[in-house]
Amino acid sequence: MPVNVRIPTPLRKLTKDKDTVQATGATIQDIIDSLEKQYPGLKERLCDERGELRRFVNVYLNDEDIRFAQGKGTPVKDGDEISVIPAIAGG
Amino acid sequence: MKVKHGFFTSLKCRECGRHYPKEALHVCEFCFGPLEVDYDYDLIKTVLTRDKIESRPTTMWRYRELLPVEGEPTIGFQVGFTPLVKADRLAKRLGLREVWVKNDTVNYPTLSFKDRVVSVGLSRARELGFEIVACASTGNLANSVAANAASGGLKSYVFIPADLETGKVLGSLVYGTNVIGIRGTYDEVNRLCSEIAGKYGWAFVNVNIRPYYAEGSKAMGYEIAEQLGWRLPDHVVVPMAGGSLITKIHKSFKEFVKLGLVEEHDYHIHGAQAEGCAPIVNAMKAGTDIIKPVSKPQTIVKSLAIGNPADGFYSIQTMKQTSGWAENPNDDEVVAGIKLLAETEGIFAETAGGVTVAATKRLVEGGRIKPQESLVLCITGHGLKTQEAVSGKCGEPRVIGPHLHEFLALLDRKN
């Protein structure tokens, strides 16, 4: 099922400067694998050696932080929007 | 002639250690970890001594080798070196022997510790060639960016939640800056600013200039150590919003030890947040370093109402490494804390100061701070900025006519 994934500036070199890309899958994990197939190298940037999401990578599914859903196992449905956002500072 | 020095060498990722050039970058391209300024401490050690520091003007720039600006600072040269007040009356009320208040309510020019970070951030932004500066803010940072940009002749935009205290909104508008109120929480303002920073070539002090900006907070720690007579205290209590200040106080103490400016000493750094928005305290108390964001902060302490603190993880590390603790007093305790500090020491702090005092009270009652141990409270902003918090809670003036008999009657009534 296709969903839109918003790509932050630091990763756009891998997505040929596209700020939104499409990916398919039933869970966030599938989406990450789908992204890796289209844009090799992307998974390594999002996940550590153990395959876990890196600490400072925030993934939002329709504005909801997936760490408070089911993490990488969070189900994804058609038309969902996923955003990948780096953490930023206070003020 | 401007002399460029090589005391700060590069930016370095805190997570994976990759090095980056000294540009307007804040996130590691590889792992998204935050970038931090790296220094040549061996070089700094050869030039920075107690005597040298003491011979310089009483501003935060007396520690300039440890602040990431290449030439002379061009903005905020008068910032810092606020009073460290020996707070004996407060100590008595808390049941402690030695209490100090680091009083940044009188920082120059906008009465909060944010003048420190902004002085560094804007000086560095100008070195990097920026002409427009900006920030996402809960109020104090906006005030400071607006004022310091005005004095430095830079154009500025400040982005704030639309429902901030009147004093903090006016305290930005007066400088002729562009104030953009966002209908949303600070975290929503922050996300928007991250997108704007990516789109325009502006210097967002707490986004793309963040590695430099954040270092300015270290000066608060350096000053504490110097003003204590070149020693470190047993305890420090620090308010936490995004969690940057607490990590920089820790860093400043470690740097002073590394440079031989103070003796090594076991110190404990404690963090304070308000109950209605305490993601870092909650994680600390739950024994985890995974921060659960607060999506709808509900507290009078708006300056600390950051639901998704970027430095939360490192704040937890700071408290753990120093065997510190964390407390999250409620709004009533915060108001009582503001009044306690005002009535005992004559210092009117904003709500964040009330959080710090109230958290300290809990730490003492819980046995985390012992009576014979020394303590410094970081009081970071002035109470005139958040008058709504205590308005109607300090009594009212008793009004009489200009006649002696009325005054005498009033005294009689009281007695």
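## Two crossing helices in chain B

In this predicted model, the axes of helix α10 (residues 244–258) of chain B and helix α12 (residues 312–321) of chain B come within 8 Å and cross at roughly 45°. Helices here are DSSP runs (H or I, at least four residues), and strands are E runs of at least two.

Which residues of α10(B) meet α12(B)? Ile246(B), Thr247(B) and His250(B) do, and their partners are Tyr314(B), Ser315(B) and Thr318(B); contact means C-beta atoms, placed from the backbone, within 7 Å. The contact has two nonpolar, four polar and no charged residues. Ala, Val, Leu, Ile, Met, Phe, Trp, Tyr, Cys and Pro count as nonpolar, Asp, Glu, Lys and Arg as charged, and the others, Gly among them, as polar.

## Two domains of chain B

An automatic or database assignment divides chain B into domain 1 (8–77 + 114–213) and domain 2 (84–110 + 217–389). Their C-alpha centres lie 21 Å apart. Domain 1 of chain B gives 27 residues to the contact and domain 2 of chain B gives 30. On the domain 1 side, 11 residues are nonpolar, eight polar and eight charged.

## Confidence and conventions

Local features need pLDDT of at least 70 and side-chain atom pairs 80 or more, while totals for chains, interfaces and linings use all residues. Residues are numbered from 1 along each chain as its sequence is written, with chains lettered from A and ligands numbered from 1 in the order in which they are written.

Conventions: Two residues are in contact if their C-beta atoms, placed from the backbone, lie within 7 Å. Axes are lines fitted to C-alpha atoms, for helices over the stretch in contact, and angles run from 0 to 180 degrees between N-to-C directions.
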